[in-house]
Amino acid sequence: MAVKAAAHLYLHKLPDTYSAEKQLIKSLPRMARASADPQPSQAFLDHLEETQGQVARIDEVVELLNLKLKRIKCAAMEDLVEEGKDLIDEIEKGPVLDVALIGAAQKVEHDEIASYTTLTTLTTKLRYTAAVPLLQASLAEERATDERLGKLGQAAAIKDAAAAGKARWHRTSSRICGESSYSAGGVAGTRSPDALGGFHDPATSPYWSRGIVHRRRIGHGRLRRIGGGGLD
Ligand SMILES: [Fe+2]
């Protein structure tokens, strides 16, 4: 269909967004099940409930404006849903998959924010006044979900980086010190020489468990931490 007027665009954009929401309703439960962390899992389920409400709002818009909704499949959402499925197939359940799923969900939100922004603008321009608050409400939910997911994504990435830091510390210290009896979590091992010739006890050293990766001497015997977390 050649879209030549705002009203034509509206008649394309509304069913496209409707299709996106319907596809997302099928995808979110799968993402919630795949997440190892209860927080993103709950965020997906909460957004599922919101998405059902957003579908109901579009139904309301259609009724208010006495429109007939075309049957359209939103190609962008189809790709995003496929991307989510691929992540679940290819990444082991755990913190890395959680970070990936949160990122995928944010891509969905960004797409929906763009759609509702366009719809709200068109609805206002076309003077479909009664429908404006409905679309604004959905837009506000998409933005809030994006913000919530962003915070969860940062938290999940930090957890994953901390775990990776411990593993890296284990490998690095083993190489530097010639010590072979550490475990990544700092649980096993006896007193172990560090890179400076000192000793860290895995059971008691406060920085052991905080994932310090390297330490080096600066000035007169002062130490500076490079990477990881912890105290010098
Ligand atoms: Fe939505």
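Analyst: The secondary structure of this protein consists of five helices and four strands, where helices (H or I, at least four residues) and strands (E, at least two) are DSSP runs numbered from the N terminus. Read from the N terminus, the elements follow the order α-α-α-α-α-β-β-β-β. The model is a predicted one, in which local features need pLDDT of at least 70 and side-chain atom pairs count only at pLDDT 80 or more, while totals for chains, interfaces and linings use all residues. Residues are numbered from 1 along each chain as its sequence is written.

Of the 232 residues in the protein, 28% are buried; a residue is buried if 20 or more other C-beta atoms, placed from the backbone, lie within 10 Å of its own, exposed if 12 or fewer, and partly exposed in between. Among the contacts with a separation of 6 or more, 58% join residues 24 or more positions apart, a contact being two residues whose C-beta atoms, placed from the backbone, lie within 7 Å.

The part to look at closely is helix α1, with its partners taken in turn. Two packed helices are described by the angle between their axes and the distance between the axes. Here the axes are lines fitted to C-alpha atoms, for helices over the stretch in contact, and angles run from 0 to 180 degrees between N-to-C directions.

Helix α1 (residues 6-34) packs against helix α2 (residues 38-65) at an angle of about 155°, with the axes 9 Å apart. The two helices, α1 and α2, are therefore roughly antiparallel, since angles under 35 degrees count as roughly parallel, over 145 as roughly antiparallel, 65 to 115 as roughly perpendicular and the rest as oblique. Their crossing is left-handed, a term used if the near helix is turned anticlockwise from the far one by less than a right angle, with right-handed used if clockwise. Residues making this contact include L14, Y18, K22, I25, L28 and P29 of α1 and F44, L48, T51, V55 and I58 of α2. By class, the contact of α1 with α2 has 14 nonpolar, six polar and two charged residues; Ala, Val, Leu, Ile, Met, Phe, Trp, Tyr, Cys and Pro count as nonpolar, Asp, Glu, Lys and Arg as charged, and the others, Gly among them, as polar.

Two residues show this contact in detail. K22 lies in helix α1 and counts as partly exposed, with 16 C-beta neighbours inside 10 Å; its C-alpha atom is separated by 8.2 Å from that of T51, 29 residues apart along the chain. L48 touches I25, L28 and P29, leaving aside residues up to four places away in sequence, and the C-alpha atoms of L48 and E21, 27 residues apart along the chain, are separated by 9.4 Å.

The next partner is helix α4 (residues 95-125), which packs with α1 at an angle of about 160°, the axes being 10 Å apart. α1 and α4 are therefore roughly antiparallel to each other, and α1 passes α4 in a left-handed crossing. Among the residues in contact are A6, L9, L14, L24 and M31 of α1 and L97, L101, A105, V108 and L122 of α4. This contact of α1 with α4 has 14 nonpolar, three polar and three charged residues by class.

With α3 the direction is another matter: the axes of α1 and α3 come within 10 Å and cross at roughly 10°, which makes α1 roughly parallel to α3. Residues of α1 including A20, L24 and M31 meet residues of α3 including M77, V81 and I88. By class, the contact of α1 with α3 has seven nonpolar, four polar and two charged residues.

A nonpolar core is a set of buried Ala, Val, Leu, Ile, Met, Phe, Trp, Tyr and Cys residues joined through C-beta atoms within 7 Å. The largest has 22 residues, of which M31, M77, L101, I102, A104 and A105 touch the most other members. α1, α2, α3 (75-90), α4 and α5 (132-177) each supply at least two residues of this core, and α4 gives the most, with eight residues. Apart from this core lies another, of 11 residues, among them L14, Y18, I58 and L134.
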